[in-house]
Structures are given as structure tokens and as C-alpha cells.
Amino acid sequence: MAQILIVDDSASMRNMVATTLKSAGHQVTDAADGQAGLNKAKSSKFDVVVTDLNMPIMNGIDLVRNLRALANYKYTPILLLTTESSMDKKTEGKAAGATGWLVKPFNPDKLLATVARVIG
Amino acid sequence: MKIEVADQAISEQVMQLEGIDFITGGDQYLTFTLGEEHYGLDILAVNEIRGWIPPTLIPNAPTHVKGVTNLRGNIVPVIDLRILFQVGNVDYSPFTVTIIVAMKSATMNRTMGFVVDAVSDVLNAEKSEIKSTSAFGGSVPLEYVTGLVNVGNDVVTLLDIEQLLNLDEDDDEH
Amino acid sequence: MPIDMEQFHEVFFEECFEGLDVMEQSLLIIGQSNDPEVINTIFRAAHSIKGGSGTFGFADVANFTHVLETLLDDARDGRRELNEECIELLLRSCDCLRGMFTLLQAKKTPNLDQSIELIAAFERILRAKDTTVNTAQAEAVIQTSPEGSGSMLSQNSKNDVNTSISTDNKDTKHWQITFVPEPQILLSGNEPLRLFRELADLGKLDTTANISEIPNFADLTVDECFIRWDLELRDSSASKEDILEVFDWVIDECTLNIQLINDNTSTPVEATTSEPSEAPMASSQDKLTTTDGLSQQIASTDKKMAPDVQATSSDKNSLSSSSSSIRVGVDKVDNLINLVGELVITQSMLSELGNNFDITKLEKLSHGLEQLLQNTKELQESVMRIRMLPISFAFNRFPRMIRDLALKIDKKVELVICGENTELDKTVMEQISDPLVHLVRNAIDHGIETAEERIRKGKPEQGCIRLDAYHQGGNIVIEVTDDGKGLDTTAIHHKAIEKGLIDSNEPLSENEIYDLIFQPGFSTASQVSDISGRGVGMDVVKRNIKSLGGRIVVQSKLDMGTTIRVHLPLTLAILDGQLVRIGQQVFIVPLITIVESLQVKPELVNRVSGDMLMYRLREDNVPIIYLYKEFSISADNTDIDNALLVVVESDGQKVGLLVDDLLAQQQVVIKSLESNYKRIEGISGATILGDGSVSMILDIPGLIAASFRRSKAKRQFKAA
């Protein structure tokens, strides 16, 4: 259904998100850090980007900023994976241009529901 | 199961064993001769039959251990049963046969070659036909024998594969 | 479609173990500097572990890691300094987590006692700070369980709606909503129509767009939204919270007016306006507790926790437990693919040649075969390299171990690591890990002196242990060096005599005395220290190294220090060998053992103490071994005069092997004799030569040891 990019430095998290989204028929690409994610986003267009916040090389917030600077990602839904303790990250994320967030820990159903919110 | 032949000279001696019913589980025995005597081995344990190629000597090995040979990349010891059992003449001709026996179980995973004079028919024997050995006589140590079977006028001595494959354990006795 | 989370567990556990390693290493180097980059690294590792544990259902781990994360979050925001106390607690937490994950991996339930203690200790630290809003927030979060964002926002609403309405489930509510998005709303990827779609799930939705605010066409910017909407949601059972949830992402970027117009009640309930939300932290002000500047004694818990933690840290050993997977760099895999490609090309070329072969193509065939040799060699090297990992994996456990050890026995020790990128076979590394630990423990325990003693000797107070690894001629050499008191040959000699290991009359070379420390039951420690054992260690170390096909060499100087060098083959499966012929048989001598090969000069042969023949090789007297006698085989040359001698060495002892002929040198694949037969004295394995025949590989250390035992027995016999 949709082309989704998941960016997270945890392989098990990437696995889980990819498997969940694929089971709903989406096509998933993954990256292990912000820079890799940005590169992937540049080389092909994704309908939704889901990204963790704390990553090496380039973190989630910077990734959001960089994505928004790209012409074809101006309005693309970008979701942040946050923990309940990083409330200020939500604000910062929104300021950087993120669409919304998904709070960790989440289960597969919540993930699918949240992604469904942003798919046109 | 088609038994592979390594040497031209023994092709006449090898039986085509296609169509053997293995479900009956081990009631078939490959029989062979040592001198004038007949012996049998559980056919399921027999991997292949080869001719005689002088193996590489093992230093300070007992006389019945002729050495080791290359079996498709694996190092396999070669034991001369005629020497071990002290039966028949020990000579090596183009007709001499090496039976490659292997067994893989929870406790053992081994392959060995046994040198014999010639290979004969495949013997079908029910358990009821197998008689226990007599307590005396014979140069074959009793631990290697599982029983005797009458075939016509001959007697076939059935050998215990597991014991044979373990024989290096009791080498020190010789 | 329920997704089975268990399929992700194994990778998660591996990640956690790695993350814990990273945390530990970073904690050890953080020292006094509190480098923000390092703190960030530690935070990220803890954060990852926490996130994953929560997601994959390991609530206890998640709760535990949460406090760590809170502390680390404070640290990386500069609100707190990570002092010794914190670092110690964090290190112990790493041990605890390792233990928990090991149990979880084995599908067992972890015991929570240790983690509960640690959590309590952390909380004490966290409370001990001044009560600022931030700390209170951290506290509040510790006490509350994770909730969705919706509920956080619901705390912001000023007036609560009547209870009767909030519990009303009938589909009779009629909501009137005014939605005025800020112009930039589209730039966050939030599309109003999508919001309405969601809203429409809650009931019957009618939307009316209000375009009164749209500027003139000329002033219109394409990515700004000037439309506002009036929405009517009828026949809905939704509560206000449900509606707010739909807008939760955009609540900051709009003005929202939600009004309930309910047919059942006569008066409309007062509207509540949701302004762009204030900091959600405000709500947790109520949760402020009364602590203030009460500094707790954390130290008292240290002693109590120490024994348990020590146990876990010694249990944890993700390296020595041989894991069934190996991480391979993509470059190595790509290289392999390329080489296989070249092999395929060579094969088809040879195949083609073989199709219409005639004698004129001989040169091409020769060239093709050479190509094949090259391809096979490269492929072999490439594949072997896949099993190679940098020795840093083995070295990495030492900073922590040395720190703990040094604290325990009150010595100051510094660890220097070199050559950590030197690669070796994964299995060899797994098996060398424990011996290395023992060597290092020994160096600290018996080698490095106490601080006072060192100062008295004019040495720097801090002792130094140096780990090094490098490649040397097809092998890897690992060095453990200490600048401690060195080996006292006299003391060792006496101890050995005392223990009856050697004869008091026997003169021993320095090397031979050093060798004594590897004898079973030997230990010169006047009291047995519990960290490096009762003399059972060194002989096991030597045995392990030998079983890997390696050797161990000792070098020492009194009061200066000791260096122990472990030589290991790079791989266990392949050997560089020298083919030698004795009679009809071809044997392989491991190249690494060969000192030199020479033609015997009769005048240098001496008969010594009875019938032992020795060859004078420069300074040494080298005993001669007649291999044909050892193996009971025939040889061409049974006479020492003008014979060929291959001088080999093991454990510092040299012998000369009498052979008939020196053949080629080649790499051979080591095949086991024991799998189908049994262990043979003097032989370490077998190989298959190019002609298909089997050739035995000589066990040089075994041969030398046997010959020395025999000669010693002879001497003793003669003496008796």
C-alpha cells in the first residue's frame, strides 16, 4: 500500500516495525541512523517516514529538519518514536517539522493504527 | 540401494541390491568370506565396497590395522579381518575386497574399512533363524559375534558392527 | 493479525549484550572528564535497551533500565555529574542486566532482587538532588506507568465535562467543533482532511469550510492553509477526550473549540477552549514529594551488593560461550562473491578447453590450471578471513576486570592495549579468552607489587599491564606484559624441588625453570589468593594453548617485569607444512616448528651420556630423533652420517629429526585421525596430498616431550 521508511539504530526494533508494516501490505525500507535514513529518503520517495530520536551520527530531530528541507518531503508525514519521558522531544520534534509521534513501548496494532492515521 | 564399485576386478562379486525392503529393518546381511569361513554384516551399515589400495601406515599400530585411506576426503582406517580373526591367508590381490562400514548414532559416528577375501550374496535372515554362538572354540572373539545362521550346508557368523567399529578401544589387549 | 514478538527476541538480546558492552566500556573511560559525547553514548545504549524491553514485553528490564535512563538523561543535560558513586552503580547495573538477559535468553525468569536493590539506590541518588521542577518530573515519571499521549493532554483541559456526559455511551452526542489551523500546519505533514477522516470514524461528520480568511490570490502562498472549518459531529458516542485525541498532534498549531450540543440536555455545557497546550510538566507539580537535600548513604549498600554483583560479572561471558552466528562485514562478503565469480570464469574456460582438447592447447591448459590455483588460493584466504574477528572482542573484557581486581586487592594498575585490531579465527579467540584472563590475573596478583613496594623500588606507584597482539609469520602472537617484580628463578627452582617436581641435582636452564610454572600443582604464592587460584591455573593455560596448536613463551627480568607470549595459529584447519620422506612414507612437519634443515656433518655428532646422539648446532646440543625407529617403519638411511636433519623446536627445546628426503612445502588441510580411529602418539593429524594419498602430520611438541621423557628415564635408570 505505502512506501515506508523506518529509521532506528536498534535492529530488533527495525525488524519488528518492518515485519508489522509488511504484514499490512506496506513496503518497508530501513536505515540504522539518521544519515543513512536521509540518504535512503533522497534516493527514493517514501510516503511515510518513521524515525527514532536517539541515534548515532544524526539523530531523529536533525533527520526531520533535513527531510523538511527537501522539496519532495515538505508535506510527507514524519512520525517520531518517543518515550513517555521525553515530552520536550515532542515539542522539539514538532518545531523541527514532525507530523506526530508514536509512544514507546508500542505494540504492533498501535503501530499500524498510527501509520493508518497518516496514510491518505 | 546401489552399492558403488571402485574397482573393475570386483564388479562380478558385487550384488545389485536395488529394491531391498529396508522397512523390515536389518534382517539383511551382506555376507563375505575369510578363508573358508562365511561371515555377515548388517547391510544397513555397509556404505560401499572397494578394492584394495595400500593405505598409509599408522606408526606403531597393531598388525590388523593396515593403515588409513582417503575416502572422498575423509581419513578412514583399514582393518584386515583375516589378521584380526586369524583366519585364512593374508594376501592382497586384485580380487581383495575392502568393505566400508559406517555407523552414525547418538554415541558413535564412525567409518572404517574392513579387508576380506570376497563378498558373497545378501542373506535374508529372520531373527528366529539366528542361533547363539557356542561358548567355546573359534578364533573370533565372542564380543564381535551376534549369532550364527545356517545357510544350506554353511554356517554364517554374524558380526556386531558396533563392536567392530569400537575395536581400537581394546587394542591394548593385543 | 497477531504478530509473534518472539521472532525478534534473539536479535534484541544480542543488541542488548552489545549495548551493555558499549555502556561498560564508556563508563570505564568516563573518569573525571564527564565528556558529553561519552555520556550521550551511554544514554543512547540505555535508552535503546529500555525501549526494546518495553516493546518486546520485558517489563522488569524496562522498569529497571528506566531509572538508569533517568539518571543518564540528567547527566547528558548537564543537570548532574556522574561521580564515582554513579559510575559504580551503573557498572553494577550492567552486570545485573547481563544476568537478566542471559536468563531471559534461556527462557527463564530473572530474579529481581538485585535490580530492586539497584533501583532503590538510584532513586536515592535522584531524590538527593534539589527539588526542581525537572527532578520532580523525573520522579513523577518513575512513579507513573507509561500512558498514551491522549491522557497527558486531557490533564490540560481547564474544565472537566460533566460526568454524566463522559460516561454516556449512547450515540446521541452532537459536537460542534471549530477548527482554525495555523497557516503552517501543512508543513508538518498534517493534512486537515486526514484529521476529518479520523473524526468521521467517531460519528456522522459534516464539514463546512470557512474561506473568509483566505488572502488575495496574489498574496497566496501555496503551502499555507488559510481555510478554517466548522465541523458538526452527530450521532456520536465520543467523549471530548476522544475528539481531542484526533487533534493531539496538531493541538499546538491550531485553535480548537469543542462544544457539546446534546439533544438530551436542555442547556449546552460550557465550551472548553483548548489553547496551545502548556508544558505538560505543569501537571506533575502536584506530584512533588517532600525530599530536600537529604543525602543518603549509598556506600552502605555497596558491601551488601558486592558479592552478588561479583557473581554475575563472572557469570557473564558472552564471548566464551560460543555463539552460533558471526557478524561479517559486507566488504568481506562482496570480496567472496567476486572471487567465486572469477572461479566460475576459470572453470568454464577449462571446461571449454577440455571439450576439444588437443596437444596444441597444452599451454593454455597450463595457464588455466595456474589460474585455478590462484582462484582457489584467494578463495580459501577470503573464506578463512570470514571467520576472523579482531582480538578486541577478547581484549574488551579486561578494562572492567582489571578495574574490579585492582580495587579488590588494593593495587594501582593501569591497562594498556595495543594491536586490538589484529584479527584471528573466531573459535581460536573464544578458546584463548579464558587462558588470557588467567594470565592477566596472575600478572596482577603475583607480578605487580603493592604501591608502597613499588615506590620503595623506585618504580612509579601505578603498575602497568600491557596487552598486545600482532601477526608474525602466519601466526598471531598475544603478549601479556607487566612491569612488576618478575620471576624469581631461585624461588621457583626451590619450590619445584620442594614439591618434588624436579630432582635437586638437575641443572636447569633459565627457560627450563620458567617452564616449571606450567607444571600442575605449582604455585609460589605464599598464601593462596582467591583470584588466581591454587596453582591449578598455569598448567591448564598451557594445555589449552597447546590444544590450539600454539605455544607459550616466558620472558622475565627480576624486579623489571615479565612478558608472556602466546603463539597461536591463525586458523585451526590449515597448516603450512614441510613434506619429508622417510622410507616409503611421507610425513608433514609443521613449518612453524622448523628451525632449520641441514646436512649432518659427522664431526658435529656426539655421543652423550650413554647412547644418546647429539648434534652440535652452534651453541646448542640438539638431541637426534630417529623417526623410523619411533614409528617402526623402514628408512633408506638409518645412519647418522651425511643424513638429513630437520631441526625443530617446541617449548624452547630443540631436537633434530632424521629424514631421508625433503620434499615440497605446502599448505595442508588438517584432517582428524581421531574421528574414525584414535589418537596416535607422535601424530597430530593427517592430511590428503595432491595425489590422493594420506599423509601423517607430526606432533612435534609430543615427539620432543616423549623423547625427553625417555632420555630422562634412561638417565634416572642409569643413576639408580
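Me: Is α2 of chain C mostly covered or mostly open, and how many of its residues are buried?
Reply: Mostly covered: 16 of the 20 residues of α2(C) are buried. Buried takes 20 or more other C-beta atoms within 10 Å of a residue's own, exposed 12 or fewer, partly exposed anything in between, with C-beta atoms placed from the backbone. Helices are DSSP runs (H or I, at least four residues), strands likewise (E, at least two), numbered from the N terminus.

Me: What model is this, and how are things numbered?
Reply: This is a predicted model, where local features need pLDDT of at least 70, side-chain atom pairs count only at pLDDT 80 or more, and totals for chains, interfaces and linings use all residues. Residues are numbered from 1 along each chain as its sequence is written, while chains are lettered from A and ligands numbered from 1 in the order in which they are written.

Me: How many residues of chain C are in contact with chain A?
Reply: 31 residues of chain C are in contact with 35 of chain A; contact means C-beta atoms, placed from the backbone, within 7 Å.

Me: Which helix gives the most to that side of chain C?
Reply: α2(C), with seven residues.

Me: What follows α2(C)?
Reply: C:G57, whose phi is positive, near 90 degrees.

Me: New topic. Where is C:M614?
Reply: In strand β17 of chain C, residues 612-617.

Me: Why does C:M614 count as partly exposed?
Reply: Because C:M614 has 18 C-beta neighbours inside 10 Å.

Me: How far apart are C:M614 and C:I624 in space?
Reply: 5.7 Å, C-alpha to C-alpha, though they are 10 residues apart in sequence.

Terms used
Contact = placed C-beta atoms within 7 Å.
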